[in-house]
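Okay, thanks for coming, everyone. I have one structure to walk you through today, so let me put it up on the screen.

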Amino acid sequence: MAPPVKNAVRAAAAPTEEWSSQPEVTAAHPPKNAAGDGDRRPISTVLIIIAMQTEALPLVNKFHLSEDIDGSLFPKGVPWVRYHGIYKELHINLVWTGKDSILVEFSKFGCVLAGVDSIGTISASLVSYASIQALKPDLIINAGTAGGFKAKGACVADVYLVSNVAFHDRRIPIHVIFFCVNYLYGIGARQTFSTPNLIDELNLKVGKLSTGDSLDMSPQDEVLILANDAVVKDMEGAAVAYVADLLSVPAIFIKAVTNTVDGQKSIAEEFLQNLIAVCTTLAQTVSQVVDFISGKCLSEL
């Protein structure tokens with residue numbers, strides 16, 4: 001999905017004095033999961049990882065998925081919820097990170113009405129690892145909402161297929177080993193699984209994603225997001241990409257824009273205002289992607 005970019009590391013690294021002395025590097029974390037001769041069989045099992053219930057339910061309804069109620073797939077006590085079913089001969093597993101268990105308990109006393117979705121990189125990493133180990137998917141789809149940058153052409157309700165991911169809030173400014181620690185590990189820039197035929201068939205927008213654990217954007221975050229050349233920002237994508245890359249599972253990322261990060265409105269206000277409508281749009285696009293995947297092997301994407 002991502003075209004070759006010369007000096008991709010330089011383009012994504014924050015503009016610092018330390019960087020100027022670093023050697024030229026042509027790619028950062030190229031995908032280990034590119035389709036090869038062993039991936040000529042049709043895709044059978046798809047894992048959809050989602051952070052919010054509002055994002056998940058339209059897809060549960062679209063694919064007629066059933067909730068796994070026996071709880072045997074994941075360790076006891078975790079809030080993760082799995083929905084599963086067969087759709088067009090594909091085994092669809094949608095895993096939502098669930099509601100934070102502590103806040104759900106508080107909700108019984110009226111402190112929090114319905115708990116809170118387990119958003120962010122920690123929950124995303126944990127559920128990605130556990131789901132991959134348990135379900136052995138052929139392909140991961142991380143679907144969710146995101147903030148978009150008007151300066152990069154993003155508008156509310158736009159849906160992007162992500163070409164590259166990186167973190168923007170893992171700052172490790174150790175001068176002597178800045179390049180290895182801060183960029184290769186901290187920023188963790190990665191190309192996603194390449195799907196040129198999918199992009200052409202569905203006429204999808206393509207852009208880079210930057211991930212951090214805050215909905216808002218601090219001045220330090222902004223510097224790194226701009227350096228990452230991001231069109232959209234979220235709170236899970238790069239974490240899912242890290243685990244998928246670690247376990248060599250192909251992963252694609254579909255992000256729908258709920259709010260403009262660099263717009264005039266409050267980020268939180270615009271996010272809440274557009275969330276339900278944008279989740280419907282997200283579900284429509286994910287459905288189209290799954291329809292395209294059906295009957296194809298990885299190399300045909």
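**Loops, helix pairs and cysteines**

Let's start with lysine 88, which sits in the loop between strand E3 (81-87) and strand E4 (90-96). When I say helix or strand, I mean DSSP runs numbered from the N terminus, helices being H or I with at least four residues and strands being E with at least two. Lysine 88 isn't a glycine, yet its phi is positive, about 50 degrees. Its relative accessible area is 46%, so lysine 88 is partly exposed; buried means under 20%, exposed over 50%, and partly exposed is in between, using a 1.4 Å probe and protein chains only.

Quick housekeeping before I go on. This is a predicted model, where local features need pLDDT of at least 70, side-chain atom pairs count only at pLDDT 80 or more, and totals for chains, interfaces and linings use all residues. Residues are numbered from 1 along each chain as its sequence is written, and side-chain values use heavy atoms, with hydrogens and water left out.

How confident is the predictor? The average pLDDT for the chain is 85, and 80% of the residues score at least 70; pLDDT is the predictor's confidence in each residue, from 0 to 100. Residues 1-27 are another story: pLDDT stays under 50 there, although the model has 54 contacts beyond four places in sequence for that stretch. A contact here means heavy atoms within 4.5 Å. Where pLDDT is low, the predicted coordinates should not be read in detail.

Histidine 64 is in the loop between H2 and strand E2 (66-67). Histidine 64 is also a non-glycine with a positive phi, about 55 degrees. At 67% relative accessibility, histidine 64 counts as exposed.

Now, helix pairs. Helix H4 (residues 121-135) packs with helix H8 (residues 237-246) at an angle of about 30 degrees, and their axes are 8 Å apart. The axes are lines fitted to C-alpha atoms, for helices over the stretch in contact, and angles run from 0 to 180 degrees between N-to-C directions. That makes H4 roughly parallel to H8; the rule is under 35 degrees for roughly parallel, over 145 for roughly antiparallel, 65 to 115 for roughly perpendicular, and oblique for the rest. On the H4 side, the contact residues include Ser128, Tyr129 and Ile132, and on the H8 side they include Val240 and Val243.

After H8 comes serine 248, with a positive phi near 55 degrees.

The other pair is helix H2 (residues 53-62) with helix H9 (residues 267-293), whose axes come within 9 Å and cross at roughly 45 degrees. H2 and H9 are therefore oblique to each other. Among the residues that meet are Pro58 and Leu59 in H2, with Leu282 and Val286 in H9.

Cysteine 155 is partly exposed at 43% relative accessibility, whereas cysteine 297 is buried, at 7%.
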